[in-house]
Amino acid sequence: MNIFNEVGGIVAKAMEEIPELAEVLDLASQRVAVESPRDSSHGDMATNAAMVLAKRAGMKPRDLAEKLCVRLVEHGSVVSAEVAGPGFINLRLTDGYWRERLREVLSADVDYGASTIGAGRKVNVEYVSANPTGPLHAAHARGAVIGDALARLLAKAGFEVCREYYINDAGAQVDTLARSTHLRYREALGEDIGEIPDGHYPGEYLKDVGEALAERDGERWLAKDETDWLAEVRGFAIERMVAGIKTDLGRLGIDMHVYSSERALVESGGVDAVMQTLDDKGLLYTGVLEPPKGKMPDDWLPRPQRLFKATDFGDDVDRPIAKSDGSWTYFASDVAYHLDKFKRGYAEMIDVWGADHGGYVKRMQSAVRAITAEQGVLDVKICQIVHMMQDGKPVRMSKRAGTFVTLSDVIDSVGKDVIRFIMLTRRNDQPLEFDLAKVIEKSRENPVFYVQYAHARCHSVLRLAHDTFPDLDLGANGLAGVDLDCLTGSGELGLIKQLASWPRLVESAAETHEPHRVAFYLSELAAGFHGLWNKGKDDATLRFIVEGDRPRTFARLALVRGVATVIASGLEVMGVEPLEELRS
């Protein structure tokens with residue numbers, strides 16, 4: 001249950017009881033918000049109701065706020081309502097209200113935080129989508145994790161989510177892959193190929209592909225012209241590369257629902273059809289673009305080009321849609337691909353791209369508006385660069401040189417859970433430093449360890465309690481029935497308030513497409529739990545298991561179970577396994 005919505009209901013009822021508001025509770029009331037106050041010492045909740053409605057009611061905001069406060073304190077869950085500043089209202093809720101929120105956590109168990117705000121709306125989340133010219137490297141992990149965590153978050157908020165990978169298997173780069181594979185194929189059959197020529201992929205990973213081709217086809221392609229073997233070798237290499245990508249994603253805990261092929265889209269005539277539709281609508285024309293701003297490229301020449309009227313749909317300039325030889329650009333394929341998503345029922349689309357695609361956002365968003373008659377919406381999450389480090393020193397990565405650090409290498413080094421958590425410790429639009437040594441340190445400065453340690457500590461307490469009270473059902477449902485009135489301390493109630501904010505966090509993070517907020521929330525929750533734990537080290541009466549005080553112990557065990565439940569719920573969204581025991 002979203003407590004802010006519930007308190008919003010209390011405020012709405014109070015507004016209905018003010019005579020001066022009887023005629024004005026229309027659209028203006030939709031701007032009434034209930035939020036946490038900036039300073040927790042001011043109360044549990046704050047509302048702007050009087051500020052929003054005062055003018056329509058013909059009253060001063062503070063005067064209206066005073067009237068609302070009188071009504072609000074009549075509600076059994078409200079201890080006090082006070083006017084602040086120009087007319088804000090700060091609310092304090094009863095301790096009993098918060099204790100009941102803990103009972104809700106326990107009753108819902110692992111489903112706590114699940115929401116219906118998505119109402120089953122279909123959303124397509126496309127992420128990773130690396131060219132199939134080599135294995136995934138470490139930097140791909142960020143987009144992979146952000147996309148997958150966002151898909152999980154949207155699903156928890158009640159959306160119907162499709163996780164999709166777009167295979168860029170058309171164009172010059174896969175022809176280069178085929179030629180590079182053919183070189184390794186010749187090498188596998190005993191030929192000395194010398195240095196890898198410029199313009200080919202030199203990575204060692206293609207040796208395995210060449211050997212597999214040689215094992216399958218023998219010398220079949222040795223004496224053939226490129227025109228004879230290019231398509232066959234290209235298809236073989238792409239299949240091998242995609243299989244490796246799927247394996248790496250699986251190791252990272254990612255299972256895509258759909259793998260879409262650019263080549264299949266092109267060869268089916270899908271791109272031609274969409275371009276014809278745009279042309280028929282008068283959205284394509286032949287024109288000459290203005291020269292780029294800033295430093296003039298040496299090879300820039302003003303020339304007639306086939307252009308898409310992107311400026312009609314919010315872009316800064318119109319965009320080339322065809323090359324000088326008349327063939328379609330990558331942009332044209334991407335336009336057709338997004339229309340394919342729309343036709344499959346996904347009016348809401350989210351693409352997760354790398355930092356080098358930032359300049360591509362506006363044109364794709366304008367294209368989606370054009371091809372869907374303004375019915376489709378595209379949100380693009382740009383993932384800034386990941387600085388891979390080892391003990392504070394940069395780890396070099398170069399896909400072209402074949403010396404990059406593979407995603408598989410990083411998984412072998414630190415494990416999928418560490419990768420997934422760390423990749424969510426910054427906003428996607430901020431650079432991220434990933435130090436292979438620091439991310440496995442067992443310290444408070446390592447957020448992965450700190451959150452997992454809190455979850456493991458909860459289960460350590462529960463294991464000890466099981467030994468002490470073997471007759472007590474320590475499951476979430478069992479502890480949901482215990483008397484919670486003993487939970488009166490500020491630390492205990494503060495922790496419950498943190499737990500109660502989880503459903504709101506799920507909804508707001510899903511609506512804003514910000515999965516990193518889950519990692520932030522869990523770090524704060526872990527800090528609150530560790531703080532309560534530490535107080536018990538110095539004062540035995542503050543421990544979770546209090547000798548000779550069964551009611552207090554049972555209530556605190558319910559709190560511990562609640563913390564474990566919400567941490568596990570958050571880690572599930574992040575795709576991280578909650579550990580019940582940490583081992584060295």
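Ala373 sits in the loop that runs between α12 (361-371) and β12 (377-383), where helices (H or I, at least four residues) and strands (E, at least two) are DSSP runs numbered from the N terminus. The model is a predicted one, in which local features need pLDDT of at least 70 and side-chain atom pairs count only at pLDDT 80 or more, while totals for chains, interfaces and linings use all residues. Residues are numbered from 1 along each chain as its sequence is written, and side-chain values use heavy atoms, with hydrogens and water left out.

Ala373 has a positive phi, near 55°, although this residue is not a glycine. As background, most residues other than glycine have a negative phi. Ala373 counts as exposed because its relative accessibility is 52% (buried means under 20% relative accessible area, exposed over 50%, partly exposed in between, with a 1.4 Å probe and protein chains only). Asp109, also not a glycine, has a positive phi of about 55°. Asp109 belongs to the loop between α4 (95-108) and β5 (122-126), and with a relative accessible area of 27% Asp109 is partly exposed.

Turning to the strands, β8, β9 and β10 form an open, antiparallel sheet in that order. β8 (284-287) and β10 (319-320) are the edge strands, each with a single partner, so one side of each has no neighbour in the sheet. Strands count as paired if DSSP finds at least two bridges between them; β9 (residues 305-308) and β10 are joined by 2 bridges in the antiparallel sense. Phe308 is found opposite Arg319 of β10.

The axes of α15 (residues 447-468) and α20 (residues 550-574) come within 9 Å and cross at roughly 145°; axes are lines fitted to C-alpha atoms over the stretch in contact, and angles run from 0 to 180 degrees between N-to-C directions. In this contact (heavy atoms within 4.5 Å), residues of α15 including Val451, His455 and Leu462 meet residues of α20, among them Leu557, Arg561 and Ile567. The contact residues divide into 13 nonpolar, 3 polar and 1 charged (Ala, Val, Leu, Ile, Met, Phe, Trp, Tyr, Cys and Pro count as nonpolar, Asp, Glu, Lys and Arg as charged, and the others, Gly among them, as polar).

Finally, the cysteines: the count comes to 0 disulfides, a disulfide being a pair of cysteine sulfur atoms within 2.5 Å. For Cys383, the nearest cysteine sulfur belongs to Cys162, 18 Å away. Cys383 is buried, at 6% relative accessibility.
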